[in-house]
Amino acid sequence: MRLPLLFATLTCLGLSPSVLADDVQVAVAANFTAPMQDIAQAFEQDTGHRVVAAFGSTGQLYAQISHGAPFEVFLAADDTTPARVESDGLAVAGSRFTYATGALALWSADARLISDGEQLLRTGDFQHLAIANPKTAPYGLAATQVMQALNLTDALTPKLVEGQSIGQTYQFVASGNAALGFVALSQVARDGEITSGSAWQVPTALYEPIHQDAVLLSKGANNAAATALLDYLKGERAAAIISRYGYGH
Amino acid sequence: MSLPLDSNDLAAIWLTLKLASLTTLVLLLLGTPLAWWLAHTRSRLKGPISAVIALPLVLPPTVLGFYLLVALGPNGPIGALTAQLGLGTLAFSFSGLVIGSVCYSLPFVVQPIQNAFEAIGKRPLEVAATLGASPLDRFFTVALPLARPGIITASVLGFAHTLGEFGVVLMIGGNIAEQTRVVSVQIFNHVEAMDYASAHWLSGGVLVCSFLILLLLNRRGHWRVMPGSGQ
């Protein structure tokens with residue numbers, strides 16, 4: 001009689017009913033912050049495991065992982081860093097896969113500024129164009145590919161300001177210090193609608209696909225929650241969340 | 001073995017030295033009268049103003065950088081003003097970095113000078129007054145020379161502190177080579193790009209440089225750094 005009561009109480013308190021529940025420590029690229037929070041919530045509901053996420057730039061997270069940070073799963077903003085982690089012997093071989101494909105948007109906080117993004121870039125009628133650092137941020141690299149494809153690199157270079165991450169780039173534009181900038185579509189769109197300001201979704205033909213890869217780190221090799229999270233990322237519920245934020249899956 | 005610093009690294013070093021020198025100069029010009037006023041005023045504003053000046057000592061640089069970015073933007077008070085004056089907005093420019101650094105290093109310059117002025121006491125100034133020296137004369141020929149050790153300490157601390165500044169310049173800089181990319185940001189770039197060798201060279205340089213500056217400051221005479229603690 002007492003045991004079911006205890007069980008019910010625990011469930012009411014929001015404690016996990018599963019006796020097999022584990023914590024999983026995940027390092028997540030900053031551009032995936034919002035979708036990851038949603039996915040973590042759904043994952044916790046569905047499996048009873050708990051996600052402990054750390055958000056940062058891919059380079060910073062790599063530095064932490066290579067210096068012994070206790071992460072078990074790594075969701076990067078590119079596909080080269082997880083490959084590097086694997087060749088460093090810090091990840092489980094063969095566990096890498098693309099969990100999301102990033103899309104690029106030209107965005108302005110001014111709702112009237114961007115009607116034809118390509119035309120606006122060609123006229124160059126603005127003082128600053130914000131991009132993420134192309135050496136360290138995949139979205140910055142994609143932005144330089146777009147400028148190359150449009151043959152505008154020389155014209156736009158003097159106007160460029162670089163954010164260290166796609167988050168800082170967004171901040172430059174949101175504060176109005178840069179009239180427009182290349183950001184991740186996931187930062188400015190929900191369910192296919194631009195949430196504020198104006199934007200141009202850059203045609204994917206103008207830049208290399210931004211494959212964001214996940215990998216199981218050696219520290220998580222024996223953690224059931226870590227493998228469960230990676231499986232969950234491949235599943236339908238996660239896919240729905242990921243595409244809601246404007247990523248390809 | 002040649003130095004593995006490329007032209008971008010050297011530009012960042014040069015820019016940092018320029019920024020630290022100019023910031024120190026601006027701070028000495030602004031900070032000295034301010035310190036003089038704080039050392040002598042009985043105004044009720046002394047408390048709040050001292051607290052505002054000391055804020056950068058306790059605030060995370062990201063807070064300062066964030067608010068500066070907002071204030072310098074076209075919708076912010078400073079940005080609206082500079083735009084109206086035809087200067088455009090100041091984020092992503094060297095002038096913007098100087099403004100940020102002045103805010104950030106303010107207490108490191110004002111406090112030592114204020115301490116030095118307070119340590120002089122009223123006596124030498126009263127004596128000079130009885131000998132017929134005007135207030136301006138008293139300030140330049142009596143107070144300033146007596147406060148020299150404090151002013152030197154202030155200059156060195158202001159310079160060294162600006163040299164090592166990261167959060168503010170990162171937030172409002174825009175990472176433009178030769179304009180806003182200072183050494184601390186360049187180090188961050190190298191680390192993010194996983195080029196740890198270059199990061200080591202630049203970081204080591206800043207470390208040694210900062211150590212030597214502080215060593216020099218102490219060797220000038222420990223008793224001078226803390227006015228009133230010796231003689």
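What area is buried between chain B and chain A, and what percentage of it do carbon and sulfur atoms give?

Reply: In this predicted model, about 1900 Å² is buried between chain B and chain A, with carbon and sulfur atoms giving 54% of that area. On the side of chain B, Phe92(B), Glu192(B) and Met194(B) lose the most area to chain A, and together they make up 34% of what that side buries. The contact draws 21 residues from chain B and 25 residues from chain A. The elements of chain B that give two or more residues to the side touching chain A are α3 (61-72), α9 (167-173) and α10 (183-192), and α10(B) gives the most, with four residues. By residue class, that side of chain B divides into 14 nonpolar, five polar and two charged.

Helix α10(B) also packs within its own chain, where its axis and that of α1 (residues 7-40) of chain B come within 8 Å and cross at roughly 150 degrees. Because angles over 145 degrees count as roughly antiparallel, α1(B) and α10(B) are roughly antiparallel to each other. In this contact Asn8(B), Asp9(B), Ala12(B), Ile13(B) and Thr16(B) of α1(B) meet Val183(B), Gln186(B) and His190(B) of α10(B), and the residues involved divide into three nonpolar, four polar and one charged.

Definitions and conventions. Residues are numbered from 1 along each chain as its sequence is written. Chains are lettered from A and ligands numbered from 1 in the order in which they are written. This is a predicted model: local features need pLDDT of at least 70, side-chain atom pairs count only at pLDDT 80 or more; totals for chains, interfaces and linings use all residues. Side-chain values use heavy atoms; hydrogens and water are left out. Contact means heavy atoms within 4.5 Å. Buried area is the accessible area (1.4 Å probe) that two parts lose on being put together, summed over both. Ala, Val, Leu, Ile, Met, Phe, Trp, Tyr, Cys and Pro count as nonpolar, Asp, Glu, Lys and Arg as charged, and the others, Gly among them, as polar. Axes are lines fitted to C-alpha atoms, for helices over the stretch in contact, and angles run from 0 to 180 degrees between N-to-C directions. Angles under 35 degrees count as roughly parallel, over 145 as roughly antiparallel, 65 to 115 as roughly perpendicular and the rest as oblique.
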